[in-house]
Amino acid sequence: MSKLTDLPQWKALNGHFKTIENQDMRDWFMADANRFKTLSLQACGILLDYSKNRITSETLELLFTLARAVNLEGWRERMFKGEKINNTEGRAVLHVALRNRSNTPVFVDGADVMPAVNDVLARMGTFADAVRNGAWTGATGKRITDVVNIGIGGSDLGPNMVTEALSAYASKEMRYHFVSNVDGAHIAHVLSQTSWDTTLFIICSKTFTTQETMLNAQTARAWFIDQGGRDKDVARHFVAATTNVAAAEKFGIPKENLFEFWDWVGGRFSLWSAVGVSIAVAIGKDGFSRLLSGAHAMDRHFQDAPLEQNMPVILAMLRIWYTNFFGAQSWAVIPFSQNLRWFPDYTQQGTMESNGKSTDRDGQAVDYATSPVTWGKAGTDCQHSFFQLLHQGTKFIPADFLAAAQPDVLVEGHHDILLANFIAQTEALMVGKTEAQVRQELQAQGMKPETLEALLPHKVFPGNRPTNSLVYTRLDPETLGALIALYEHMTFVQGVMWNVNSFDQWGVELGKQLAQRILPELTGTKPADSHDSSTNNLINFMRKMRH
C-alpha cells in the first residue's frame, strides 16, 4: 500500500481535524438531541455508546473512507480464509477457527482444520467434566480440590482473566490458581495453599521450552515428589497444552493427558484453544462452549456488518483518530466490575504486544504513532487513584467504560451505586465544570470573595474528554466471549490501518536472549566484564550482595 501519511484520505482527515480540534462535545449535544441515537450501536448483546467522542458525521465518513483505502475489508477476509497474514513467521492467524461454531470448513495449506479443532475441544470438555464430577481423581483416589495453571503471557492472562470474570459460573468444589512469574515467591505462595494429592497442574507451553513456564513446572513437579507423590503419580496430577509431545512425556505426562494446539494460534489469542483447559475445568464443557459461541457471534458481526455499523471497526477507528491526530499516547480501559479486574491487563497485552511496532509489514520505519499505552483498573477503585489525572491532568487520555446492567452477585444497594458512578464519570469527563458554574456554587455557599477567587481555578474541570461506554445485561459466558473477540478484532483493525503485523512479537526476544548470557555470570565466580559499565557493575554488585 501507499505510505499511510501520503494517502489523500489521510490528508483529508488531517485537514478535517484542524477544523474541529477545538470544538466542544457539549455544544454538539446541545445542538443535536438525537446524538446518542445516531452514535450508538448494539451487537452481540452489547450496547456501544460512542456519542461522547470528539467526532462528527464527517469525521466518521472520513475515517471509514481511510479504512477502505487501506483495504481493511480485504485484510479481514484474508484472515478468516486462513491466509498467512503473519508474514514474518509465515503463519495463518486463525483464533477465529477455534470458536467457529458454524463448523464451516477453514483451510490452512489446503487442509480443513476444523476436524482437529473439534477433536481437541471434545477431549477438553470430557476431561473438564471428569475433573468437575470427581471421575478424575488424584493418585490416592481423592477428588481434585485445587487447579494450578502454569503459563506466562497469553497462556496465563487469558485463562486467569476469564476464570476470574466468570467466577459466578465456576464450580465451587475447587479453587483456581495461576502461576506465571519466574519470581519464586509466586509459585511458593500457591503451593503453600495446596496439597499434593488433591492438586491438578496444567502446564501451558506450545513448545514446552518457555523458560519461565518450565522453571515453574519443574518446581511444581519437585514439590509434588517431595510432598509424597511418586514419578508414576505425575500422570494423575499433571496435564499439558502443548505441541511438544516428546518433551511432555519426558516430564512424565502421558500423551493422553496432552491437549494440542497449532502454530496458527497466537499466544495472546489462545484462550479459545487447549490453553483454555483451566477455563473449561472451572466453568464446565457447556460454559466453555457458551464462551466460544459469544466470540463466534462477534466474529460474524465483524465479518458481515458494513464498516459504518461494525463495532470493532468503530472502536479501532476512534483509536486511530485520537492516536494519530489528537496525539493521544495512552488509552484507559475501565470495567466497572470487580470480576473483570484483570480485563485491562489482558487488553494491555493484546494491544501493546500486537501493535507496539515501529516497523511496518514491508520492513520500513513508520513515521506515525502506533499502539497507545493501554492500561486501566476496575471501577470504583480507580476513581480514587488515577481519575484525578483523567479529569484535571494535562494528559489527553480517551477511555473505554464497561458495565453490566445486572450484578454478578446481588448485594442490596451496591450495584445501583456502581452503575450511578459508571454513568456519572462518563458524563463528568464530557461536560466538565466551567469557571462560571464553580463561581456560582461557591457564591451560593456564602464563601468570602478572596477565598472564592483563590479556590476557583482548582475546582474547574475542562471536560470535552472522550469516552466509550459498553453496556451489557450481565457478565455471562456469551457476553464475555463477545467482549474479548471485540477487542481482538479492534486490535487487528488498528494493525491493518498502521500496516504493521499484529501477530508477531519479536520485541520480547532480546531481553530473554541477554538473560541467558547474564545468568552464568550472575551465578559464577568471575567478575563480569563483557558488558557496558552499568551492566557489569549491576551484575557484580548483585553477586556481592547475594554472597
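Start by selecting K512, which at 37% relative accessibility counts as partly exposed (buried means under 20% relative accessible area, exposed over 50%, partly exposed in between, with a 1.4 Å probe and protein chains only). This is a predicted model, where local features need pLDDT of at least 70 and side-chain atom pairs count only at pLDDT 80 or more, while totals for chains, interfaces and linings use all residues. Residues are numbered from 1 along each chain as its sequence is written, and side-chain values use heavy atoms, with hydrogens and water left out.

**Salt bridges**

The term stands for a side-chain nitrogen of Lys or Arg within 4 Å of a carboxyl oxygen of Asp or Glu. E212 sits in helix α10 and K512 in helix α21 (residues 509-523), 300 residues apart. Helices here are DSSP runs of H or I with at least four residues, strands are runs of E with at least two, and both are numbered from the N terminus. At 13% relative accessibility, E212 counts as buried.

The structure holds 24 salt bridges. For another, select R99 and E488, whose closest N and O atoms are 2.8 Å apart. R99 is in the loop between α6 (95-98) and β3 (107-108) and E488 in helix α20, so the pair ties together parts 389 residues apart in sequence. Are these two buried or exposed? R99 is buried at 0% relative accessibility, and E488 is buried too, at 5%.

Next, show R68, E73 and E308, which are linked in a network of salt bridges.

**The cores**

Select W264, W321 and L480: of the 123 residues in the largest nonpolar core, these touch the most other members. Such a core is a set of buried Ala, Val, Leu, Ile, Met, Phe, Trp, Tyr and Cys residues joined through side-chain atoms within 4.5 Å. Helix α20 (residues 477-498) gives the most to this core, with 13 residues. Apart from it lies another core, of 22 residues, including V190 and F201.

**Helix α9**

Go to residues 184-191, where I187, V190 and L191 are the buried residues of α9. Seen down the helix axis, they fall within an arc of 100° (taken from the directions from the axis to the C-beta atoms), so they line one face of the helix.

**Last stop**

Finish with M545, in helix α22 (residues 533-546). M545 is exposed, with a relative accessible area of 59%.
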